[in-house]
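Please read the report below alongside the sequence and the three-dimensional view.

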Amino acid sequence: MSHDENRRRFLHAAMNGTGLLAVGATALGAEPEKKAEESPEDVSPAEDLMREHGLLNRVLLIYGEAISRLEDNRDLPAVPLESSAKIIQTFIEDYHEKLEEDHLFPRFEKAGVLVELTKVLREQHAAGRRTTNTILALANDRAIKNADDRHKLVTSLQEFVRMYRPHEAREDTILFPALHSIVSRNEYDSLGEQFEDEEHKRFGEEGFEKMVDKVAGIEKELGIYDLAQFTPK
């Protein structure tokens, strides 16, 4: 028998043996290995808060457009500005910031980590709420047409934007990443579930997505929805 023929018989026997082993394992009740099904991962606490910062940034863009129109004495309808401020109040201040104040800041303070940062963040939350109240009081046609009120509105919008740009940047780059270092994996995952439950309780299913749609509608009304318009020429 030639060397090549011996090699072919050996490979054939090995293949048959492998097949018999697999059949035997199944007969004995052993389940063949299955590929794990992929399922979408739950949104983590940090990702949840960061994407809400993305929503905040889109409202800050709306505020920037309002500032530009008010300073140039161009037409600014009051309704989209008022709607934007109400989104800030209900979704960012009363919900998003409340999550931070109730679930994040106390954990950092108890651990003695980033205490000075959480102190400033709390103070800025309070300042932001006062500023939003002012914006809501002035987001109407009468105030927009009055020179003094118009100036106060511009100042309030500018102060809000100026504070929240660095505010959210510090949270995204320092506070949220540090959360892993002060809580266990189970506690971290539990926070994500709490955040999701609270969102559903306040805004229903897909509450975040509904808010994004609202903001997109305001952007379209003001002519700033098309992303390509912001590309440098």
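## Basis of the model

This is a predicted model, in which local features need pLDDT of at least 70 and side-chain atom pairs count only at pLDDT 80 or more, whereas totals for chains, interfaces and linings use all residues. Residues are numbered from 1 along each chain as its sequence is written, and side-chain values use heavy atoms, with hydrogens and water left out.

## Overall fold

The protein chain holds eight helices and zero strands, where helices (H or I, at least four residues) and strands (E, at least two) are DSSP runs numbered from the N terminus. Read along the sequence, the pattern is α-α-α-α-α-α-α-α.

Of the 233 residues of the protein chain, 36% count as buried; buried means under 20% relative accessible area, exposed means over 50%, and partly exposed lies in between, with a 1.4 Å probe and protein chains only. Among contacts (heavy atoms within 4.5 Å) between residues at least 6 apart in sequence, 78% join residues at least 24 apart.

## The nonpolar core

The largest nonpolar core has 54 residues, and those with the most contacts inside it are Tyr-63, Phe-91 and Leu-157. A nonpolar core is here a set of buried Ala, Val, Leu, Ile, Met, Phe, Trp, Tyr and Cys residues joined through side-chain atoms within 4.5 Å. The elements that give two or more residues to this core are α2, α3 (78-111), α4 (115-138), α5 (141-145), α6 (147-178), α7 and α8, and the largest share, twelve residues, comes from α3.

Leaving aside its neighbours within four places in sequence, Leu-157 is in contact with Tyr-63, Ala-66, Ile-67, Leu-70, Leu-81 and Ile-135.

## The largest pocket

About 390 Å³ of space lies in the largest pocket. Of the 18 residues that line this pocket, the closest to its centre are Asp-42, Val-43, Ser-44, Gly-192 and Glu-196. The elements that give two or more residues to the lining are α2 (45-71) and α7 (185-203), and α7 gives the most, with eight residues. A pocket is found on a 1 Å grid over the protein atoms alone, as an open set of points where a 1.4 Å probe fits, with protein on both sides within 12 Å along at least five of seven lines; lining residues have an atom within 4 Å of a point. Grid points are joined across faces, edges and corners, and the volume is the space filled by probe spheres set on the points.

The lining divides into three nonpolar, three polar and twelve charged residues. In this division Ala, Val, Leu, Ile, Met, Phe, Trp, Tyr, Cys and Pro count as nonpolar, Asp, Glu, Lys and Arg as charged, and the others, Gly among them, as polar.

## Salt bridges

The structure holds 16 salt bridges, each being a side-chain nitrogen of Lys or Arg within 4 Å of a carboxyl oxygen of Asp or Glu. In helix α2, Arg-51 and Asp-48 are three residues apart, about one turn of the helix, and their side chains meet in a salt bridge (3.4 Å, N to O). Asp-48 is buried, with a relative accessible area of 4%, whereas Arg-51 is partly exposed at 26%. Asp-48, Arg-51 and Glu-199 are linked in a network of salt bridges.

Asp-189 is partly exposed, with a relative accessible area of 33%, and Arg-185 is exposed at 56%. Arg-202 and Glu-198 also lie four residues apart in α7, and their side chains meet in a salt bridge (2.7 Å, N to O); Arg-202 counts as partly exposed at 40% relative accessibility.

Leu-222 belongs to helix α8 (residues 207-222) and is buried, with a relative accessible area of 5%. Leaving aside its neighbours within four places in sequence, Leu-222 is in contact with Ile-62, Glu-65, Arg-69, Leu-76, Pro-77 and Pro-80. The C-alpha atoms of Leu-222 and Pro-77 are separated by 8.7 Å, although the two residues are 145 apart along the chain.

Glu-97 lies in helix α3 and is buried, with a relative accessible area of 2%. Not counting residues up to four places away in sequence, Glu-97 touches Ile-92, His-125, Arg-129 and Tyr-164.
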